[in-house]
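I kept to what can be looked up directly.

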Amino acid sequence: MAKILIVDDEQKIREVIREYAEFNHHEVQEASDGMEAVNKALKDDFDLIVMDIMMPRLDGFTACKEIRREKDVPVIMLSARGEEYDKLFGFELGIDDYVVKPFSPKELMARITAVLARRKRNLENLDTVEFRSGGLSVNTASRTVSLDGARIDLTLKEYELLSYLIRNRNIAMSRDKLLQDIWGYDYFGDDRTVDTHIKNLRGRLGVYRDKIATVRGIGYKFEDGEDRN
């Protein structure tokens, strides 16, 4: 059972999602706009948030960004618009999936199950150690990243991507492999999603950006010849 926050300004949509989620033995809370969602998410701990984009007072993208400043929680976005820009912008924020309205409640539940399963698997696969390479430090117990002693903020997907590359350091990982293992088999995206996250991650790593090397014709790898665990 998971604790889920459903955020949508349309009551009927919240009711439908709640009905299916509770049928699948999940605990559900609701919010009717982005501001209410931020307040609830910061006061309580949720296993997953289903968030509409177009809402009064505060849109879903902004609400997601505010929540992610404080909480590491998976987010599935809902939108009546299916433009590629919206999807890529959402994934740049670190959301875990994107569902276009109108949607099948059964499909949404399947996506919720997949996101929760990936989240559990990723947490179980993390070793409780601190990895260091020069001035780059990653603590998998606290899920924090530091550069020369100063902590930096990463989105959930950026952190998962960095951790995955470090666990497989000095091994070239294809874009398809990264999509499969980080975003999941059911993810609809393409290579540009990986490239966008790599670009953003390199930007956050600053002078250590070259640790993530491009392998022509394949994908990426984390290069390190002086790692210590």
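**Basis.** I am working from a predicted model, in which local features need pLDDT of at least 70, side-chain atom pairs count only at pLDDT 80 or more, and totals for chains, interfaces and linings use all residues. Residues are numbered from 1 along each chain as its sequence is written, and side-chain values use heavy atoms, with hydrogens and water left out.

**Sheet.** I took helices (H or I, at least four residues) and strands (E, at least two) as DSSP runs, numbered from the N terminus. Two strands pair if DSSP finds at least two bridges between them. I found an open sheet of five strands, ordered S2-S1-S3-S4-S5, with parallel pairing. S2 (27-31) and S5 (97-100) are the edge strands; each has a single partner, so one side of each lacks a neighbour in the sheet. From one strand to the next the twist averages 20°; axes are lines fitted to C-alpha atoms, for helices over the stretch in contact, and angles run from 0 to 180 degrees between N-to-C directions. I checked the pairing of S4 (residues 75-79) with S5: it is parallel, over four bridges. Leucine 78 has valine 99 in S5 as its bridge partner.

**Helices on the sheet.** Helix H1 (residues 11-23) packs on the sheet and touches S1 (3-7), S2, S3 (48-52) and S4, contact meaning heavy atoms within 4.5 Å. The direction of H1 makes about 170° with that of S2. Helix H2 (residues 34-43) lies across S1, S2 and S3, at about 140° to S2.

**Faces of H1.** I counted residues as buried under 20% relative accessible area, exposed over 50%, and partly exposed in between (1.4 Å probe, protein chains only). In H1, the buried residues are Ile13, Arg14, Ile17 and Ala21. They span an arc of only 95° around the axis, which places them on the same side of H1; the arc is that of the directions from the helix axis to the C-beta atoms. Exposed Lys12, Glu19 and Phe23 are on the face turned away from the buried side of H1. Histidine 25 follows H1 with a positive phi, near 70°.

**Cores.** A nonpolar core is a set of buried Ala, Val, Leu, Ile, Met, Phe, Trp, Tyr and Cys residues joined through side-chain atoms within 4.5 Å. The largest has 49 residues, of which Ile49, Met51, Met77, Leu162, Leu178 and Leu205 touch the most other members. Helix H6 (residues 156-167) contributes the most to this core, six residues. A second, separate core has 18 residues, among them Ala2, Val50, Ile76 and Met109.

**Arginine 68.** Which helix holds arginine 68? I located arginine 68 in H3 (residues 60-70). Arginine 68 counts as buried, at 17% relative accessibility. Beyond its neighbours within four places in sequence, the contacts of arginine 68 include Val73, Leu93, Asp96 and Leu156.

**Phenylalanine 222.** This residue lies in strand S12. S12 (residues 219-222) runs antiparallel to S11 (residues 212-215), with four bridges joining them. In their hairpin, which has three residues between the strands, glycine 217 has a positive phi near 80°. Phenylalanine 222 is buried, at 0% relative accessible area. The C-alpha atoms of phenylalanine 222 and leucine 165 are 5.5 Å apart, with the two residues 57 apart along the chain. Not counting residues up to four places away in sequence, phenylalanine 222 touches Leu162, Leu165 and Ile166, among others.
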